Amino acid sequence: MSPPLPAHPLANYLIQFLGSALLMSAFAMLALRRMTSLVRIFALQGILLTLSTLAVAILSSETHLLFSALFTFAFKVLLLPAILFRLLNRLRIQGEVEALVNVPSTMVLGLAIVVFSFTLAGPISELASTVSKGLIGVGLASLLLSFLMMISRRKALTQVIGFLGMENALFFSAINATYGMPMVVELGVAFDVLVGTFVFGIFFFQIRETFESLDLKHMDTTSME
Amino acid sequence: MEESPSASPLPSMTPFSDPLDTSLFVLLGWGIAGVLGFFLLQRSRILLGPLSLLLAAGGIILASSGIRGLVRGSDLRQVLPGGLPGLPFHVRQDPLSSFFLLILGGAATGILLFSAGYLKSLPPSRLPAYFLRTALFLASMEGVFLADDAYVFMVFWEIMALVSYALVVTESDREEVRNAGFLYLLMAHFGSLLIMVAFFVLASHEPSGLSPGLSAFTFESMRTSAPPTGAALLVFICALLGFGAKAGLIPLHVWLPEAHPVAPSPASALLSGIMLKTAIYGILRVFFGLLGLGHLDYTWGVPVLLAGGLMALFGILHALVQSDPKKLLAYSSIENIGILFLGIGLAILYMRSGHSLAGEIALAASLYHAINHAFFKSLLFMGAGTMIHATGSHDLNGMGGLLRRMPVSGGFVLVGVLCIAGLPPGNGFVSEWLLLQAALQAGSLSGTLLRSAVLLGGALLVLASALAAMGFVKFYGIGYLGLPRSEGARNAHDVSAAEKIGMAWMVAGCLLLALSPVRMLGWIEQALRPLTGAPLSGSPSLTGWLWLLPLPPRGATFSPVILLGILAILLPLALLIPRLFGKTSRRQSPVWGCGYGTRTFRMQDSAGSFAQPIRHFFANFFLMKRHLPEPGEKRPTFELTVEDPHWAYLYRPILRLFQSLAGLAEKVRSGRISVYLVYSFGTLIFLLTVFRWM
């Protein structure tokens, strides 16, 4: 790992801006009520991720991060949203996202989570030697926010998006804490996510066949005889 | 304790010139013969005889290898390729292993000869698998005796546990068999876990640097380990409980009276006669070999001693109230293992308080009893098998009068019964007498508590022996004497030639052990010498072949040969005198029938009524449920069930605790996906918090 260049203040601002935009998008996911806009936000997250990876790559002159950025773009901006839109069409879902917990309460909870994450990430940031070490907290916060979305939503598809959002956040944290994971790992994770999405897609059809709905509450009773 | 290297540490390379090569050959041979037999027996059952003979031949070779090892006192090691990286297979046949190989080979030979005839009744579909399991079982037990590192030991130990489980559940279509098998497997795993802990502790206290990495797990480097007292105590407890679970140490014994009886009789004989001894071997190996006498404390002998005494009493009391002959024998195994534990406890106590002679006698008596038990208990299990076969009943109350119908096997069983009852000049008497002699040395100990503990142990031993005599009077009297109690018993017929030969082999073994105790003790002394340190000048025995004098220069002596001679003269006299001088006049039966004009089997003691006084006197040892008929009942019934109190007071509460815990855990399982996600979310937050602020 080469020592970081003396960072240009503008570049630093850029990275910080991208990070905060990611955090905003995570909040947006919590707040949005329409399924299609959820997928769009997910695609937006992919773009933000690509940009911030590029920025870190250029700032730290870590060339392998360029490839990471490329993969991120291909998978998370093009491929996965395309699959998700296709799923929405095939399943004829346009309607509202149904929440178990109402949106304002979720947002308040989300705020608490952000505070928690930043407190938590403080000491890690001091240990890290990357140019963008201040953003580890952002990654952690978006991860927990995505998790919160998985918990608080009712439809199966929102859970998948939450899961993908968690993966995005994880990737973001990795890049900011240690300039990314080794290439092999990143590729592996990317393919895992892809396959996972396919499998989810197949399952949705099966589930709808069985329960005539994608509402999780129909699956709840499976274990209770 | 460091052992002195053997006279010839390098094994010679010519095949079978040394005992270890022979033993390894038998190990391999048993494995191959088992697999071969598995395939051949699927074609034809005729081959059962020859194949059993082949296995039995392996047993004879093994026994001879054991004897050679004992006579020479050889200590042979080999390192075989394979195993874990950095830990190849270590095998070793030292005198202790040789002794146990002698038990294994000697007893297995008779059992295998017997099973050649007995197994003809097994359903054809079960025969190949049964044969394979038997062969593997024998091979794995041999592996346990030969192992010289923890890995080899555990591998063979686990194979032994699994294969013996398979033997237990041979008749797996009966539910009680499956339950017994499960219980056995559970206990076996519990034991293995504790044994592994003992090995790990020993390996971790090996002097660092001497054996890097995995080679700390060889027994050689464990012998050099110097654990502090706490760790040594941990090893002691883990080994005692771990091996105790296999040996039937109370309260871990509950599987034994369930599992041993449900196996086919030859398998029961292997389990009770031989497999229990692997546990004793393990205990001796860990206590005296690996941990070393120097790391034991004499107070540790007291719990072992008392546990052994209580086991003996408890086992024989429960044996007395059983009416299934195999269950009776299984409980009697607990008694005998208790006697072994008693000897081991005495040995630790004496040796560590400076009375090595008494300690050595106690240990020698233990080993003597181990080989005795292997022979007579196998014989009796075979006998029980023939009884069950002949009458088709698992209940002594369905037997009776069998001696008249099965004179040969009945005669053999009588020998076994006399031996196990500890009557002179049987072999059981020799070992129990020796043990008692050791216990009577309590006067030389200091400390009242210690002395009374030893004497209490001795008293328990005597009580248990006397009760054992009563128990086997019941076994033989109800089963073989009197009038037949069922149609099956009336139509019983004697067993096949192969079964007779197998039983005769065991009888011969018992007689040899009974009549040449001096030679046998010489071998046992060989086996013990490396464990107990320097050879003793005034070692037990050995004043000529005739007289056994365990505590020279003055002490009790015993000569089985002379005793047998006296009995041979007195017995005919005793039979003759009534004939010559008794009144021979006959009398007529009176009208009212109280002169026993007619006798029916209902007039005899039943299995239950025979034990009634015992149930009465020792009521605290049993959990009895009695159902007495009401005065007005139309069809009055009397019912009595006797249960092992450990079920009610130990195992069922544990079971209930686990079930209620599982019930609590079930509440967590709501079945809602969102709730599950909340659980992982909460856990994540919690862990992160702990990571950050703790």
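Which residues is Gly66(B) in contact with, leaving aside its neighbours within four places in sequence? In this predicted model, the contacts of Gly66(B) are Ser98(B), Phe99(B), Leu101(B), Leu102(B) and Gly105(B). Gly66(B) itself sits in helix α2 of chain B, which covers residues 48-72. With 28 other C-beta atoms within 10 Å, Gly66(B) counts as buried, because 20 or more such atoms are enough for that class. A further reference point is Asp21(B), which is 45 residues away from Gly66(B) along the chain; the C-alpha atoms of the two residues are separated by 11 Å.

Along the principal axes, the C-alpha atoms of chain B fill a box of roughly 100 × 75 × 65 Å. Of the 694 residues in chain B, 50% are buried. Considering contacts in chain B between residues at least 6 apart in sequence, 78% join residues at least 24 apart. The domain assignment of chain B gives domain 1 (297-537) and domain 2 (623-694), and the C-alpha centres of these two domains lie 39 Å apart.

Helix α21 of chain B runs over residues 560-581. At 1.5 Å a residue, its 22 residues should span 32 Å, and the end C-alpha atoms are 31 Å apart, which agrees. The number of buried residues in α21(B) is one of 22, so this helix lies largely in the open.

The partner of β5(B) is strand β6 of chain B (residues 639-643), and the two pair in the antiparallel sense over five bridges. On β6(B), Leu640(B) is the bridge partner of Arg626(B).

Pro645(B) belongs to helix α24 of chain B, which spans residues 645-668. Not counting residues up to four places away in sequence, Pro645(B) touches Phe622(B) and Leu623(B). Arg133(B) is 512 residues from Pro645(B) along the chain, and their C-alpha atoms are separated by 33 Å.

Among contacts in chain A between residues at least 6 apart in sequence, 75% link residues at least 24 apart.

Finally, a word on confidence. The average pLDDT of chain B is 86, and 91% of the residues score at least 70. Over residues 1-15 of chain B, pLDDT stays under 50, and the model has 20 contacts beyond four places in sequence for this stretch. The pLDDT is also below 50 over residues 536-541 of chain B, a stretch with 16 contacts in the model beyond near neighbours in sequence. For the complex, the predictor gives an ipTM of 0.78 and a pTM of 0.77.

Note on methods: Residues are numbered from 1 along each chain as its sequence is written. Chains are lettered from A and ligands numbered from 1 in the order in which they are written. This is a predicted model: local features need pLDDT of at least 70, side-chain atom pairs count only at pLDDT 80 or more; totals for chains, interfaces and linings use all residues. Domain bounds come from an automatic or database domain assignment. Two residues are in contact if their C-beta atoms, placed from the backbone, lie within 7 Å. Two strands pair if DSSP finds at least two bridges between them. Helices (H or I, at least four residues) and strands (E, at least two) are DSSP runs, numbered from the N terminus. A residue is buried if 20 or more other C-beta atoms lie within 10 Å of its own, exposed if 12 or fewer, and partly exposed in between; C-beta atoms are placed from the backbone. The expected span of a helix is 1.5 Å times one less than its number of residues. pLDDT is the predictor's confidence in each residue, from 0 to 100.
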